[in-house]
Amino acid sequence: MPKTAKKPRHKSRGASIQVAESMGSGSAKIKKKIRDIERLLKKNDKLPADKKIEYDRALKALRVELQNSQVQNKAKVISKKYHMVRFFERKKAVRKLKNLRKEFEEVSKTEVRKDIKKARKQVKHGEIDLAYVILFPKTEKYISLYPSPNDEDQTDPNVIRGLKKTEERRREFRKSVEKLMDEGKLPFSIDDILQGKTVKLDSDKKQKAVITQEIDAPEAKQAEQEQEEDDFFE
């Protein structure tokens, strides 16, 4: 008997599978998958409505995943760039806090309330500094606690505006760290840090700055979110 021709097998069984295969595969593969689906939609203008909706949703999901991948890549670059700055600031913060604690012990022996209160406050500031260095998001350009003298033109409006923005972010993050300490929610012990113990945070493991976006969000809204991410890393 003559062999019957085999029916061509469809490569894809649905848009959801296509998306799942590409998630976490890297920017290059995600971009290729996006182009494949876009070409498919252009060539098949007579696709059933439900199928077209599936592919549209797959495209939006892939674009969100692409943005996440790009943000994570930038975060790795930033983390590597500021690694040594953070390392030296951590050492400086540890040394400073140890000295402040010694001073507090000495002042406590005097039993002078005013001096004890002042010394205790300085110790807390030292603890906040140390926690700041460890907790500062690795997805952001690190803002030094102990910046070197700025050689830039202090009369330049752009420089002034940049310095002001940097100082506001530094102050804002220190306040958030202080709040965590006051609420007892620090994800590590200050004493462990002083003893040189290694601290692993969830943010270190994930190293993600995930973009959240509705899959059915309008294209204009999506473009706006993409621009915000670009501005963030300028």
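Figure 1. Apart from neighbours within four places in sequence, Ile128 is in contact with Arg174, Val177, Glu178 and Met181, where contact stands for heavy atoms within 4.5 Å. The model is predicted, so that local features need pLDDT of at least 70 and side-chain atom pairs count only at pLDDT 80 or more, while totals for chains, interfaces and linings use all residues. Residues are numbered from 1 along each chain as its sequence is written, and side-chain values use heavy atoms, with hydrogens and water left out. Ile128 lies in helix α5 (residues 113-135), helices being DSSP runs of H or I with at least four residues, numbered from the N terminus. With a relative accessible area of 0%, Ile128 is buried; here buried means under 20% relative accessible area, exposed over 50% and partly exposed in between, for a 1.4 Å probe and protein chains only. The C-alpha atoms of Ile128 and Val177 are separated by 6.4 Å, although these residues are 49 residues apart along the chain. Tyr132, also placed in helix α5, is buried at 0% relative accessibility, and, leaving aside neighbours within four places in sequence, Tyr132 is in contact with residues including Tyr142, Phe173, Arg174 and Val177.

**Figure 2. Aromatic pairs.** Rings of Phe, Tyr and Trp (the six-membered ring of Trp) are paired if their centres lie within 6.5 Å, and planes under 30 degrees apart count as stacked, over 60 as edge-to-face and the rest as tilted. The count by this rule comes to six aromatic pairs. One of them joins Phe87 and Phe88 in an edge-to-face arrangement, with 5.4 Å centre to centre and 70° between the planes. Phe136 and Tyr142 form another edge-to-face pair, at 5.3 Å centre to centre and 85° between the planes. Phe136 is buried, with a relative accessible area of 1%, and Tyr142 is buried at 7%. Tyr132, Phe136, Tyr142 and Phe173 form one aromatic cluster.

**Figure 3. A nonpolar surface patch.** Met84, Phe87 and Phe88 make a nonpolar surface patch of about 310 Å²; patches consist of residues with over 30% relative accessible area and no salt bridge, nonpolar side chains (Val, Leu, Ile, Met, Phe, Trp, Tyr) being joined within 5 Å and like charges within 9 Å. Accessible areas come from the Shrake-Rupley method with a 1.4 Å probe, and for residues only the protein chains shown count as cover. Met84, which lies in helix α4 (residues 83-110), is partly exposed because its relative accessibility is 44%. Phe87 counts as partly exposed at 38%, and Phe88 is partly exposed at 49%.

Figure 4. Side chains of opposite charge can pair when their charged atoms come close. A salt bridge is a side-chain nitrogen of Lys or Arg within 4 Å of a carboxyl oxygen of Asp or Glu, and a search of the whole structure finds 17 salt bridges. Among them, Glu106 pairs with Lys109, with the closest N and O atoms 3.5 Å apart; because they are three residues apart in helix α4, Glu106 and Lys109 are separated by about one helical turn. Asp182 forms a salt bridge with Lys124, in which the closest N and O atoms are 2.9 Å apart. This pair links distant parts of the chain, with Asp182 in helix α6 (residues 157-182) and Lys124 in helix α5, 58 residues apart. Asp182 is exposed at 52% relative accessibility, whereas Lys124 is partly exposed at 27%.

Methods. Helix = DSSP H or I, 4+ residues; strand = E, 2+ residues; numbered from the N terminus.
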